[in-house]
Amino acid sequence: DSISSGCCANSANKMQTAAVVLIVLVGLCAAHKSYLIPEDPSIGATSCPGQPNTNVPWTGTPTLVKEVANGSLYTVGEDDDQINVLHVYGSPYDMGYAHGTLLKDSILKVIPAFYERSEAELEAYITFLPKDVADLIVHLGFDGALDLTYLLTEHYTPAYFYEEMRGLADASGIDYILLRRVHMIPELIKAGCSMLGAWGTATADPLGMLQVRALDFDTTASLQDAPTVVVYHPDEGNVFANVGWAGWIASISGMSSKGIAMSEKHADIEFGVESRAGIPFHFLMRDVIQFDNSLEDAIRRIQEAHRTCSIWLGVGDGNTKAFRLFEYSYSTCEILDDKNITMINETRFNREGCNDTCYHNYAMSDLVYWGVHLGCWNEVLRDAHGTISPTALIQLLGVVQTGDLQSIVYDLAGMKMYVSNARADIETGPDNAYDRKYVELDMNQLFQVPKPSLV
(Lines give C-alpha, C1' and ligand atoms only; values in the text may rest on other atoms or scores of the structure.)
Protein backbone atom coordinates (compact mmCIF):
# COMPACT_ATOMS: atom_id res chain seq x y z
CA ASP A 1 0.00 0.00 0.00
CA SER A 2 1.00 3.66 -0.21
CA ILE A 3 2.45 3.87 3.27
CA SER A 4 4.11 0.50 3.65
CA SER A 5 7.34 1.07 1.78
CA GLY A 6 8.98 3.18 -0.85
CA CYS A 7 11.80 5.51 -1.69
CA CYS A 8 11.79 9.27 -1.90
CA ALA A 9 14.36 11.82 -3.00
CA ASN A 10 14.62 15.59 -2.90
CA SER A 11 13.67 17.56 -5.99
CA ALA A 12 16.42 18.27 -8.48
CA ASN A 13 16.07 22.03 -8.20
CA LYS A 14 17.33 22.27 -4.61
CA MET A 15 19.48 25.28 -3.86
CA GLN A 16 23.12 24.54 -4.70
CA THR A 17 25.78 26.03 -2.47
CA ALA A 18 29.23 27.22 -3.35
CA ALA A 19 32.12 24.79 -3.25
CA VAL A 20 33.64 26.29 -0.13
CA VAL A 21 30.35 25.97 1.71
CA LEU A 22 30.04 22.35 0.64
CA ILE A 23 33.44 21.67 2.15
CA VAL A 24 32.29 23.24 5.40
CA LEU A 25 29.11 21.17 5.33
CA VAL A 26 31.14 17.98 5.10
CA GLY A 27 33.14 19.18 8.07
CA LEU A 28 30.04 19.83 10.14
CA CYS A 29 28.50 16.48 9.24
CA ALA A 30 31.71 14.84 10.39
CA ALA A 31 31.85 16.93 13.55
CA HIS A 32 28.64 15.60 15.02
CA LYS A 33 29.89 12.02 14.79
CA SER A 34 32.29 12.87 17.61
CA TYR A 35 29.48 12.63 20.13
CA LEU A 36 28.78 8.98 19.49
CA ILE A 37 29.70 6.35 22.04
CA PRO A 38 30.79 3.08 20.34
CA GLU A 39 28.52 0.11 20.83
CA ASP A 40 29.58 -2.44 23.43
CA PRO A 41 30.71 -5.43 21.31
CA SER A 42 29.87 -7.81 24.18
CA ILE A 43 26.16 -7.12 23.75
CA GLY A 44 24.83 -9.62 21.24
CA ALA A 45 21.75 -11.70 20.67
CA THR A 46 22.13 -13.57 23.96
CA SER A 47 23.17 -10.74 26.27
CA CYS A 48 21.17 -7.89 27.80
CA PRO A 49 22.86 -5.29 30.00
CA GLY A 50 20.13 -4.42 32.52
CA GLN A 51 17.23 -5.44 34.74
CA PRO A 52 13.48 -4.80 34.30
CA ASN A 53 12.23 -1.45 35.53
CA THR A 54 9.51 -2.49 37.97
CA ASN A 55 8.70 0.98 39.31
CA VAL A 56 4.96 1.63 39.16
CA PRO A 57 4.30 4.80 37.11
CA TRP A 58 2.90 7.84 38.86
CA THR A 59 -0.76 8.40 37.92
CA GLY A 60 -1.83 11.47 39.89
CA THR A 61 -3.33 14.83 38.92
CA PRO A 62 -1.14 17.70 37.68
CA THR A 63 -0.54 20.40 40.30
CA LEU A 64 -0.99 24.01 39.19
CA VAL A 65 2.01 26.22 39.93
CA LYS A 66 1.30 29.50 38.14
CA GLU A 67 -0.74 31.07 35.37
CA VAL A 68 -0.17 33.99 33.00
CA ALA A 69 -2.28 35.37 30.15
CA ASN A 70 -1.18 32.81 27.56
CA GLY A 71 0.15 29.98 29.67
CA SER A 72 -0.10 27.82 32.74
CA LEU A 73 2.58 25.80 34.53
CA TYR A 74 1.93 22.50 36.32
CA THR A 75 4.09 19.81 37.84
CA VAL A 76 3.51 16.07 37.60
CA GLY A 77 5.16 13.20 39.44
CA GLU A 78 6.37 12.99 43.00
CA ASP A 79 9.49 13.32 45.11
CA ASP A 80 12.58 13.14 42.88
CA ASP A 81 10.67 12.22 39.72
CA GLN A 82 8.83 15.43 38.89
CA ILE A 83 8.43 17.02 35.46
CA ASN A 84 7.09 20.39 34.37
CA VAL A 85 3.96 20.43 32.23
CA LEU A 86 3.66 23.81 30.55
CA HIS A 87 0.59 24.88 28.55
CA VAL A 88 1.03 27.73 26.05
CA TYR A 89 -1.60 29.38 23.85
CA GLY A 90 -1.90 31.74 20.89
CA SER A 91 0.54 33.03 18.30
CA PRO A 92 4.14 31.80 18.10
CA TYR A 93 5.37 34.94 19.86
CA ASP A 94 2.67 34.69 22.54
CA MET A 95 3.48 31.04 23.22
CA GLY A 96 7.18 31.80 23.45
CA TYR A 97 6.53 34.72 25.77
CA ALA A 98 4.41 32.58 28.10
CA HIS A 99 7.14 29.89 28.09
CA GLY A 100 9.82 32.45 28.92
CA THR A 101 7.74 34.02 31.68
CA LEU A 102 6.77 30.81 33.47
CA LEU A 103 10.13 29.03 33.24
CA LYS A 104 12.50 32.02 33.32
CA ASP A 105 14.78 30.77 36.10
CA SER A 106 15.19 27.30 34.58
CA ILE A 107 15.84 28.73 31.12
CA LEU A 108 18.55 31.06 32.38
CA LYS A 109 20.25 28.12 34.08
CA VAL A 110 19.83 25.32 31.55
CA ILE A 111 20.36 26.99 28.16
CA PRO A 112 23.78 28.58 28.85
CA ALA A 113 25.00 25.47 30.68
CA PHE A 114 23.98 23.19 27.83
CA TYR A 115 25.68 25.44 25.31
CA GLU A 116 28.92 25.51 27.31
CA ARG A 117 28.91 21.74 27.71
CA SER A 118 28.33 21.21 23.99
CA GLU A 119 31.16 23.56 23.09
CA ALA A 120 33.51 21.80 25.48
CA GLU A 121 32.63 18.40 24.03
CA LEU A 122 33.33 19.56 20.48
CA GLU A 123 36.72 20.91 21.51
CA ALA A 124 37.57 17.65 23.25
CA TYR A 125 36.87 15.52 20.18
CA ILE A 126 38.11 17.78 17.40
CA THR A 127 41.51 16.05 17.29
CA PHE A 128 39.75 12.86 16.12
CA LEU A 129 38.50 14.58 12.94
CA PRO A 130 40.37 14.71 9.61
CA LYS A 131 42.88 17.57 9.65
CA ASP A 132 41.16 19.62 6.94
CA VAL A 133 37.82 19.28 8.73
CA ALA A 134 39.36 20.12 12.11
CA ASP A 135 41.04 23.18 10.61
CA LEU A 136 37.68 24.42 9.31
CA ILE A 137 36.04 24.00 12.72
CA VAL A 138 38.97 25.74 14.40
CA HIS A 139 38.68 28.58 11.89
CA LEU A 140 34.92 28.98 12.31
CA GLY A 141 34.70 28.25 16.02
CA PHE A 142 31.64 26.73 17.66
CA ASP A 143 29.64 29.95 17.30
CA GLY A 144 30.61 30.19 13.65
CA ALA A 145 29.57 26.60 12.94
CA LEU A 146 26.18 27.17 14.56
CA ASP A 147 25.68 30.50 12.83
CA LEU A 148 26.55 28.95 9.48
CA THR A 149 24.01 26.20 10.15
CA TYR A 150 21.41 28.88 10.86
CA LEU A 151 22.22 30.75 7.64
CA LEU A 152 22.03 27.58 5.56
CA THR A 153 18.74 26.44 7.06
CA GLU A 154 16.91 29.76 7.53
CA HIS A 155 15.49 29.75 4.00
CA TYR A 156 13.84 26.38 4.61
CA THR A 157 12.69 27.00 8.18
CA PRO A 158 9.24 28.49 8.82
CA ALA A 159 9.52 31.94 10.39
CA TYR A 160 7.29 31.02 13.31
CA PHE A 161 10.10 29.06 14.97
CA TYR A 162 12.16 32.22 15.28
CA GLU A 163 9.11 34.30 16.28
CA GLU A 164 8.56 31.89 19.16
CA MET A 165 12.24 32.06 20.14
CA ARG A 166 12.01 35.85 20.12
CA GLY A 167 9.04 35.80 22.50
CA LEU A 168 10.82 33.32 24.78
CA ALA A 169 13.96 35.49 24.82
CA ASP A 170 12.04 38.72 25.44
CA ALA A 171 10.22 37.25 28.44
CA SER A 172 13.05 35.30 30.06
CA GLY A 173 15.97 37.60 29.34
CA ILE A 174 18.00 34.84 27.69
CA ASP A 175 20.14 36.13 24.84
CA TYR A 176 18.28 35.52 21.57
CA ILE A 177 21.40 34.63 19.59
CA LEU A 178 22.43 32.11 22.25
CA LEU A 179 18.95 30.58 22.18
CA ARG A 180 19.05 30.36 18.39
CA ARG A 181 22.49 28.75 18.46
CA VAL A 182 21.37 26.14 20.98
CA HIS A 183 18.55 25.20 18.62
CA MET A 184 21.11 24.56 15.88
CA ILE A 185 23.12 22.10 18.00
CA PRO A 186 21.13 18.96 17.01
CA GLU A 187 22.16 19.58 13.39
CA LEU A 188 25.82 19.33 14.46
CA ILE A 189 25.65 16.48 16.94
CA LYS A 190 23.81 13.19 17.26
CA ALA A 191 22.72 10.97 20.10
CA GLY A 192 22.35 7.21 20.48
CA CYS A 193 18.67 6.37 20.96
CA SER A 194 16.17 3.59 20.25
CA MET A 195 12.66 3.51 18.82
CA LEU A 196 9.89 0.97 18.46
CA GLY A 197 6.38 0.69 17.08
CA ALA A 198 4.07 -2.21 18.02
CA TRP A 199 0.47 -2.96 17.07
CA GLY A 200 -1.93 -5.79 16.18
CA THR A 201 -0.49 -9.25 16.78
CA ALA A 202 2.51 -7.84 18.68
CA THR A 203 0.52 -6.18 21.46
CA ALA A 204 -1.51 -7.49 24.38
CA ASP A 205 -4.39 -5.36 23.11
CA PRO A 206 -4.90 -6.22 19.42
CA LEU A 207 -6.42 -2.75 18.93
CA GLY A 208 -3.47 -1.04 20.57
CA MET A 209 -0.73 1.13 19.06
CA LEU A 210 2.41 1.59 21.14
CA GLN A 211 5.60 3.48 20.41
CA VAL A 212 8.94 3.99 22.19
CA ARG A 213 11.24 6.95 22.04
CA ALA A 214 14.44 6.42 24.07
CA LEU A 215 16.98 9.27 24.03
CA ASP A 216 20.57 8.29 24.85
CA PHE A 217 22.53 11.47 25.40
CA ASP A 218 24.69 13.29 27.94
CA THR A 219 22.96 13.13 31.34
CA THR A 220 25.25 15.75 32.87
CA ALA A 221 24.76 18.62 30.39
CA SER A 222 22.09 20.42 32.51
CA LEU A 223 19.06 19.31 30.45
CA GLN A 224 18.25 16.72 33.13
CA ASP A 225 17.64 19.58 35.59
CA ALA A 226 14.58 21.02 33.81
CA PRO A 227 12.51 18.28 32.09
CA THR A 228 9.44 19.86 30.55
CA VAL A 229 6.46 18.72 28.52
CA VAL A 230 5.20 21.76 26.63
CA VAL A 231 1.58 21.37 25.54
CA TYR A 232 1.00 23.74 22.64
CA HIS A 233 -2.47 25.15 21.96
CA PRO A 234 -1.55 27.15 18.84
CA ASP A 235 -3.66 29.50 16.77
CA GLU A 236 -2.76 27.34 13.77
CA GLY A 237 -2.41 23.57 13.67
CA ASN A 238 -3.06 20.72 16.08
CA VAL A 239 -2.75 20.78 19.84
CA PHE A 240 0.42 18.80 20.59
CA ALA A 241 2.91 17.93 23.31
CA ASN A 242 6.62 18.57 22.90
CA VAL A 243 8.73 16.53 25.34
CA GLY A 244 11.98 18.33 26.11
CA TRP A 245 13.37 20.86 28.54
CA ALA A 246 12.88 24.44 29.67
CA GLY A 247 13.72 26.79 26.82
CA TRP A 248 13.48 24.12 24.10
CA ILE A 249 10.93 24.69 21.30
CA ALA A 250 11.99 22.22 18.57
CA SER A 251 10.90 18.57 18.74
CA ILE A 252 12.96 15.44 19.13
CA SER A 253 10.11 13.75 21.05
CA GLY A 254 6.39 14.41 21.10
CA MET A 255 2.84 13.47 20.17
CA SER A 256 -0.25 15.26 18.91
CA SER A 257 -3.97 15.35 19.57
CA LYS A 258 -4.31 13.46 16.27
CA GLY A 259 -2.50 10.45 17.73
CA ILE A 260 0.74 11.06 15.80
CA ALA A 261 4.07 10.56 17.61
CA MET A 262 7.73 11.02 16.71
CA SER A 263 10.96 9.15 17.52
CA GLU A 264 14.51 9.52 16.19
CA LYS A 265 17.98 7.99 16.27
CA HIS A 266 21.41 8.96 15.00
CA ALA A 267 22.87 7.34 11.89
CA ASP A 268 26.53 6.44 12.40
CA ILE A 269 26.96 5.72 8.67
CA GLU A 270 25.65 8.28 6.20
CA PHE A 271 22.76 7.56 3.81
CA GLY A 272 23.76 8.75 0.36
CA VAL A 273 24.52 12.47 0.13
CA GLU A 274 24.30 14.80 3.14
CA SER A 275 23.77 18.56 3.24
CA ARG A 276 23.27 21.39 5.70
CA ALA A 277 21.05 23.48 3.43
CA GLY A 278 17.53 22.44 4.38
CA ILE A 279 15.11 22.33 7.28
CA PRO A 280 16.67 21.06 10.53
CA PHE A 281 15.25 17.62 11.28
CA HIS A 282 14.03 18.66 14.75
CA PHE A 283 12.00 21.50 13.24
CA LEU A 284 10.55 19.08 10.69
CA MET A 285 9.60 16.70 13.50
CA ARG A 286 7.68 19.46 15.22
CA ASP A 287 5.87 20.35 11.99
CA VAL A 288 4.74 16.72 11.73
CA ILE A 289 3.06 16.72 15.12
CA GLN A 290 1.73 20.27 14.81
CA PHE A 291 0.28 20.13 11.31
CA ASP A 292 -0.12 16.54 10.12
CA ASN A 293 -3.32 14.58 10.74
CA SER A 294 -2.18 11.12 9.67
CA LEU A 295 0.82 8.97 8.84
CA GLU A 296 0.10 9.65 5.17
CA ASP A 297 0.47 13.38 5.82
CA ALA A 298 3.73 12.83 7.70
CA ILE A 299 5.17 10.68 4.91
CA ARG A 300 4.30 13.35 2.36
CA ARG A 301 5.92 16.08 4.45
CA ILE A 302 9.12 14.07 4.97
CA GLN A 303 9.29 13.12 1.28
CA GLU A 304 8.89 16.70 0.11
CA ALA A 305 11.17 18.31 2.69
CA HIS A 306 14.55 19.82 1.93
CA ARG A 307 16.35 17.33 4.15
CA THR A 308 19.84 17.68 5.59
CA CYS A 309 22.05 15.08 7.32
CA SER A 310 21.53 11.37 7.88
CA ILE A 311 19.23 10.30 10.68
CA TRP A 312 16.58 7.68 11.47
CA LEU A 313 13.05 8.98 12.08
CA GLY A 314 10.04 7.07 13.38
CA VAL A 315 6.38 8.07 13.02
CA GLY A 316 3.45 6.27 14.64
CA ASP A 317 -0.28 6.74 13.99
CA GLY A 318 -2.77 5.69 16.64
CA ASN A 319 -5.71 5.87 14.28
CA THR A 320 -4.44 3.64 11.49
CA LYS A 321 -2.36 1.51 13.92
CA ALA A 322 0.82 1.86 11.92
CA PHE A 323 4.48 2.82 12.44
CA ARG A 324 7.10 3.63 9.83
CA LEU A 325 10.87 3.93 10.13
CA PHE A 326 12.57 6.44 7.82
CA GLU A 327 16.15 6.19 6.56
CA TYR A 328 16.51 9.93 6.13
CA SER A 329 19.12 12.18 4.51
CA TYR A 330 19.49 14.93 1.88
CA SER A 331 19.34 12.41 -0.97
CA THR A 332 17.58 9.43 0.62
CA CYS A 333 14.25 8.67 2.22
CA GLU A 334 13.58 4.96 2.50
CA ILE A 335 10.37 3.99 4.30
CA LEU A 336 10.52 0.78 6.30
CA ASP A 337 7.92 -1.36 8.06
CA ASP A 338 7.68 -4.82 9.63
CA LYS A 339 7.82 -6.49 6.22
CA ASN A 340 10.88 -4.81 4.71
CA ILE A 341 12.95 -3.86 7.78
CA THR A 342 15.79 -6.22 6.83
CA MET A 343 16.33 -4.25 3.62
CA ILE A 344 18.60 -2.18 5.84
CA ASN A 345 22.23 -3.03 5.13
CA GLU A 346 23.33 -5.93 7.36
CA THR A 347 26.42 -3.97 8.38
CA ARG A 348 24.20 -1.51 10.20
CA PHE A 349 22.64 -4.34 12.21
CA ASN A 350 26.10 -5.63 13.13
CA ARG A 351 27.20 -2.18 14.30
CA GLU A 352 24.25 -2.06 16.70
CA GLY A 353 25.04 -5.40 18.35
CA CYS A 354 22.89 -7.67 16.15
CA ASN A 355 24.87 -10.75 15.07
CA ASP A 356 23.98 -13.15 12.24
CA THR A 357 21.49 -15.10 14.36
CA CYS A 358 19.81 -11.89 15.42
CA TYR A 359 19.72 -10.58 11.84
CA HIS A 360 18.20 -13.73 10.32
CA ASN A 361 15.52 -13.80 13.05
CA TYR A 362 14.98 -10.06 13.23
CA ALA A 363 11.66 -9.36 11.52
CA MET A 364 8.43 -9.87 13.51
CA SER A 365 4.84 -9.19 12.51
CA ASP A 366 3.33 -5.84 13.48
CA LEU A 367 6.58 -4.73 15.10
CA VAL A 368 9.29 -2.31 13.97
CA TYR A 369 12.27 -1.60 16.22
CA TRP A 370 15.62 0.06 15.71
CA GLY A 371 18.30 1.43 18.03
CA VAL A 372 21.19 0.54 20.26
CA HIS A 373 21.70 -3.01 21.59
CA LEU A 374 19.66 -4.60 18.80
CA GLY A 375 20.72 -8.09 19.84
CA CYS A 376 19.15 -7.57 23.24
CA TRP A 377 16.05 -5.94 21.73
CA ASN A 378 15.65 -8.94 19.44
CA GLU A 379 15.89 -11.39 22.32
CA VAL A 380 13.42 -9.67 24.65
CA LEU A 381 10.92 -8.76 21.93
CA ARG A 382 10.75 -12.34 20.66
CA ASP A 383 9.72 -13.36 24.16
CA ALA A 384 7.30 -10.45 24.56
CA HIS A 385 5.69 -10.55 21.11
CA GLY A 386 1.92 -10.80 21.48
CA THR A 387 1.97 -9.46 25.05
CA ILE A 388 3.55 -6.02 24.57
CA SER A 389 1.91 -3.37 26.76
CA PRO A 390 3.03 -0.01 28.21
CA THR A 391 4.09 -1.79 31.40
CA ALA A 392 6.05 -4.39 29.44
CA LEU A 393 7.85 -1.70 27.44
CA ILE A 394 8.83 0.21 30.57
CA GLN A 395 10.26 -2.99 31.99
CA LEU A 396 12.09 -3.81 28.75
CA LEU A 397 13.69 -0.37 28.53
CA GLY A 398 15.38 -1.18 31.83
CA VAL A 399 16.58 -4.51 30.46
CA VAL A 400 17.94 -3.04 27.24
CA GLN A 401 19.23 0.09 29.01
CA THR A 402 18.32 2.67 26.41
CA GLY A 403 16.88 6.09 27.08
CA ASP A 404 19.37 7.37 29.63
CA LEU A 405 18.46 11.08 29.32
CA GLN A 406 14.81 10.68 28.35
CA SER A 407 12.57 7.63 28.04
CA ILE A 408 9.03 7.70 26.63
CA VAL A 409 6.33 5.15 25.92
CA TYR A 410 3.48 6.47 23.77
CA ASP A 411 0.11 4.70 24.02
CA LEU A 412 -1.34 6.20 20.86
CA ALA A 413 -4.59 4.25 20.89
CA GLY A 414 -5.22 4.99 24.57
CA MET A 415 -3.88 8.58 24.25
CA LYS A 416 -1.50 8.26 27.19
CA MET A 417 2.17 9.03 27.45
CA TYR A 418 4.66 7.65 29.98
CA VAL A 419 7.71 9.86 30.53
CA SER A 420 10.89 9.45 32.57
CA ASN A 421 13.90 11.75 32.83
CA ALA A 422 17.49 11.33 33.99
CA ARG A 423 18.34 12.20 37.59
CA ALA A 424 18.73 15.94 38.13
CA ASP A 425 21.75 17.21 40.04
CA ILE A 426 19.74 17.73 43.23
CA GLU A 427 17.85 14.42 43.00
CA THR A 428 18.55 10.96 44.37
CA GLY A 429 17.99 7.52 42.88
CA PRO A 430 19.20 5.91 39.65
CA ASP A 431 21.08 8.11 37.18
CA ASN A 432 19.32 7.06 33.99
CA ALA A 433 15.76 7.67 32.88
CA TYR A 434 15.16 4.03 31.94
CA ASP A 435 15.69 2.99 35.58
CA ARG A 436 13.57 5.70 37.20
CA LYS A 437 9.84 6.08 37.91
CA TYR A 438 7.76 7.15 34.91
CA VAL A 439 4.85 9.57 35.06
CA GLU A 440 1.65 8.66 33.23
CA LEU A 441 0.03 11.56 31.38
CA ASP A 442 -3.56 11.47 30.15
CA MET A 443 -3.04 13.28 26.87
CA ASN A 444 -6.74 13.73 26.09
CA GLN A 445 -7.09 15.67 29.34
CA LEU A 446 -3.94 17.71 28.75
CA PHE A 447 -4.96 18.60 25.21
CA GLN A 448 -8.26 19.99 26.52
CA VAL A 449 -6.92 22.25 29.30
CA PRO A 450 -8.49 25.67 28.68
CA LYS A 451 -6.58 28.89 28.31
CA PRO A 452 -6.29 30.87 31.58
CA SER A 453 -8.93 33.62 31.89
CA LEU A 454 -6.28 36.22 32.74
CA VAL A 455 -5.87 39.41 30.73
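**Entry 1: the whole chain.** I noted at the outset that this is a predicted model. I counted 13 helices and 17 strands in the protein chain. I then checked burial, and 62% of the 455 residues came out buried. For contacts between residues at least 6 apart in sequence, I found that 69% join residues at least 24 apart.

**Entry 2: helix 11.** I asked myself how many residues of helix 11 (residues 374-384) are buried. The count is 8 of 11, and I wrote this helix down as mostly covered. The buried ones are Leu374, Gly375, Cys376, Trp377, Asn378, Val380, Leu381 and Ala384.

**Entry 3: helix 2 against helix 5.** I took helix 2 (residues 92-102) and helix 5 (residues 159-172) as a pair: their axes are 6 Å apart, and the packing angle is about 35°. The crossing is right-handed. On the helix 2 side, I found Pro92, Tyr93, Gly96, Tyr97, His99, Gly100 and Thr101 in the contact. Helix 5 brings Tyr160, Glu163, Glu164, Arg166, Gly167, Leu168, Asp170, Ala171 and Ser172. I sorted this contact by class and got 6 nonpolar, 6 polar and 4 charged residues.

Entry 4: I turned to the second largest pocket, which holds about 290 Å³ of space. Which of its 16 lining residues are the closest to the centre? They are Asp225, Pro227, Ala424, Ile426 and Glu427. Strand 4 (81-90) and helix 3 (104-125) each give the lining at least two residues. By class I have 6 nonpolar, 4 polar and 6 charged residues there.

**Entry 5: a cavity.** I searched the whole structure and found 5 cavities of 30 Å³ or more. I picked the second largest cavity, with a volume of about 80 Å³. It has 14 lining residues, and the closest to its centre are Asp80, Asp81, Gln82, Ile83 and Asn421. Strand 4 turned up again here: strand 4 and strand 16 (416-421) each supply at least two residues of this lining.

Definitions and conventions
Residues numbered from 1 in each chain as written. Predicted model: local features only at pLDDT ≥ 70, side-chain atom pairs only at ≥ 80, totals over all residues. Heavy atoms only, no water. Axes fitted to C-alpha atoms, helices over the stretch in contact; angles between N-to-C directions. Helix = DSSP H or I, 4+ residues; strand = E, 2+ residues; numbered from the N terminus. Left-handed = near helix turned anticlockwise from the far one by under 90°. Contact = heavy atoms within 4.5 Å. Nonpolar A, V, L, I, M, F, W, Y, C, P; charged D, E, K, R; others polar. 1 Å grid on protein atoms, 1.4 Å probe; cavity = no way out; pocket = protein on both sides within 12 Å on 5 of 7 lines; lining within 4 Å. Points joined across faces, edges and corners; volume = space filled by probe spheres on them. Buried < 20%, exposed > 50% of the residue type's maximum accessible area, 1.4 Å probe, protein only.
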